Amino acid sequence: MKKLKVIEDFNFTTGPRYIREGANSGEEFRINVLYPKVKEAITNKCVLEIDLDGAAGYGTSFLEEAFGGLIRENNLSYNAINSHIKIISTEEEYLIEDIDEYMKDAQNEKDKSN
Amino acid sequence: MLDLKKRILRNKAFKILRRRRKKKKLNKKSTKKCLEFKRTVTCPRYIKRNAEFKSNIQKIKKGRFVIDGQTYDNKLTAPPVFSLLKNPEAVITFINMLNSNLKNRKSTFVDLFNVKFIEHDAIVLLLALMVLFKNKNIKFEGSKPNDNECRIKLQESGFFHYLYKGHSFPFNKSADNFIRESGKLTEGEKAQEVIDFATERIWKQRKLSKGVYKILMELMQNTHSHASTDEEGKHHWWLNVNYMNDKACFSFFDYGVGIFTSLKNKKNGSKFYNALDNLQKIFKSENNAENLKLILEGKLHKTSTNKSYRGKGLPGMKDTLDRNLISNLHVITNDSYANVVNNEYRTLKCSLKGTFLYWELTINNIVHDEKIKSN
């Protein structure tokens, strides 16, 4: 199992949605950290454990852009991502469900537009 | 005869001596005035003026105000209870008049002399406007409150430090009040800075407050994206944190257009286009106070997108309250006032151009221990 810990692989303070809106954005996290690791996990057919604990906190836009963006911008499917990631969030358990919904919504939007 | 002559000569000598002394005195005064003038260049008179100094020095001249030899287009008197939470209508009316002077570039004397009760929420509101006066080079002055407690509170708030940004008003880092002015970006480090300030005082060590962090990120992002109807990143936000009675009180403010004006101006194609009208049709709400309640409950998001709000925006802030991550949430935007904990929603007689949020962090709220800090 591969591991991604936000505070070690990205930053302690997460930022807004887009790079143009401020430092440590969800877009930056997706492009530089999340997408390469998720893609690697899908290619190698293993599970990536994403640990959200220990960070200062998360704005909803950051998480939506990072995880929903994998479907919108990086053309991954909900099923492919869902079967290759495991999210750890003991400090804010509700984030696991929120992230799942962000990805489902992004997939639905994508299906509608196709 | 000789005595008389002597007396006359002596009187003359005295007269000359008196004249010389008078001249010397005048010279001394003018030098002092020059020095005072020099001082005003580096140290604004706003803070030097004290209560006694203010009385009997104002008169109206052709519709203008002459105060301490200076002429102003307008003089605005702050309400005696200068607190947005305790006296929202009077404070908003005062702030709106100040805003109008700013818009019309009217030089203004801000009279705080009769203020008997002052809160940090109103101080940061006033500060945000006075900084705009300063940045636009519009002449302004003011008087400090006559009330001793209020005067000390204003001084210790850091108001003058942030207004003049000079070394003459150093910020006391150990003070229990902290004001943060933003740039135009959403910055997590600035959010964490105020959380550290608050948790160090409440728990005597740094803690993670995920609720406060999330709220700050949402608010900064909203200011960037929605505070203006025509341009992203147009408005600044202001944040004040004050520690007192074992709790940290947060006041966040942006002089944007406010939530309802922003919603009314959503363009065709936006997911919130006509959202307010639809909300009113479905829930039969009659005013913005009722609309604000529906927005906080996530109804606006649900009717506009047919999806759950998933912690986003204002409903997400109410979630942090319901999850005990923060306490005592208040929202004031346009003509709506919400005391969320007490389920008190009311329509104000005046409208605030912008959005104001107040909440508290107390020892009873959920926080987490810091594990590692990468930078």
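A salt bridge here is a side-chain nitrogen of Lys or Arg within 4 Å of a carboxyl oxygen of Asp or Glu. Hi everyone, and keep that rule in mind, because by it the count comes to 22 salt bridges over all chains. One caution before we go on: what you see above is a predicted model.

Let me start with chain A. A:Glu40 and A:Lys2 join their side chains in a salt bridge, at 3.3 Å from N to O. A:Glu40 sits in helix α2, residues 26–43, while A:Lys2 belongs to strand β1, residues 2–5, so this pair ties together parts that are 38 residues apart in sequence. How accessible are the two partners? A:Glu40 is partly exposed at 35% relative accessibility, and A:Lys2 is also partly exposed, with 39%.

Salt bridges link A:Arg17, A:Arg30, A:Glu64, A:Glu65 and A:Arg72. If you are clicking along, please select those five residues together.

Now over to chain B. B:Lys153 and B:Glu119 have side chains that meet in a salt bridge of 3.6 Å, N to O. Which parts of chain B does this pair tie together? B:Lys153 is in helix α6, residues 148–156, and B:Glu119 is in the loop between β7 (117–118) and α5 (120–135), so the linked parts are 34 residues apart in sequence. Is B:Glu119 buried or exposed? B:Glu119 has a relative accessible area of 14%, and buried means under 20%, so B:Glu119 counts as buried. B:Lys153, with 23%, is partly exposed.

One more pair in chain B: B:Glu297 forms a salt bridge with B:Lys299, and their closest N and O atoms are 3.4 Å apart. Here B:Glu297 is partly exposed at 32% relative accessible area, and B:Lys299 is partly exposed at 29%.

Next, some charge on the surface. B:Lys12, B:Lys15, B:Arg18, B:Arg19 and B:Arg21 gather there in a patch of positive charge. Take B:Arg19 as one of them: B:Arg19 is placed in helix α1 of chain B, residues 2–42. With a relative accessibility of 59%, B:Arg19 counts as exposed.

Let's move to another helix of chain B, α11, which covers residues 275–283. Which residues of α11 are buried? They are B:Ala275, B:Leu276 and B:Leu279. These residues cover an arc of only 95 degrees around the axis, which puts them on the same side of α11(B). Just after α11(B) comes B:Lys284, with a positive phi of about 55 degrees.

In chain A, A:Asn75 is not a glycine and has a phi near 55 degrees. A:Asn75 is in the loop between α3 (60–72) and α4 (78–82), and at 56% relative accessibility A:Asn75 counts as exposed. In chain B, B:Lys204 has a positive phi of about 65 degrees, and B:Lys204 is not a glycine either. Where is B:Lys204? B:Lys204 lies in the loop between α8 (188–202) and β10 (207–208). B:Lys204 counts as exposed, at 66% relative accessibility.

B:Asp369, placed in strand β15, residues 368–369, is 161 residues from B:Leu208 in sequence, yet their C-alpha atoms are 6.0 Å apart in space. B:Asp369 is partly exposed, with a relative accessibility of 48%. How far apart are B:Ser209 and B:Ile326 in space? From C-alpha to C-alpha the distance is 8.7 Å, although 117 residues separate B:Ser209 and B:Ile326 in sequence. B:Ser209 has 0% relative accessibility and counts as buried.

Notes. Residues numbered from 1 in each chain as written. Chains lettered and ligands numbered in written order. Predicted model: local features only at pLDDT ≥ 70, side-chain atom pairs only at ≥ 80, totals over all residues. Heavy atoms only, no water. Patch = residues over 30% accessible without salt bridge, like charges linked within 9 Å, V, L, I, M, F, W, Y side chains within 5 Å. Areas by Shrake-Rupley, 256 points an atom, 1.4 Å probe, with all protein chains shown as cover. Lys, Arg positive; Asp, Glu negative; His and termini not counted. Charge placed at Lys NZ, Arg CZ, Asp CG, Glu CD. Helix = DSSP H or I, 4+ residues; strand = E, 2+ residues; numbered from the N terminus. Buried < 20%, exposed > 50% of the residue type's maximum accessible area, 1.4 Å probe, protein only. Arc of directions from axis to C-beta.
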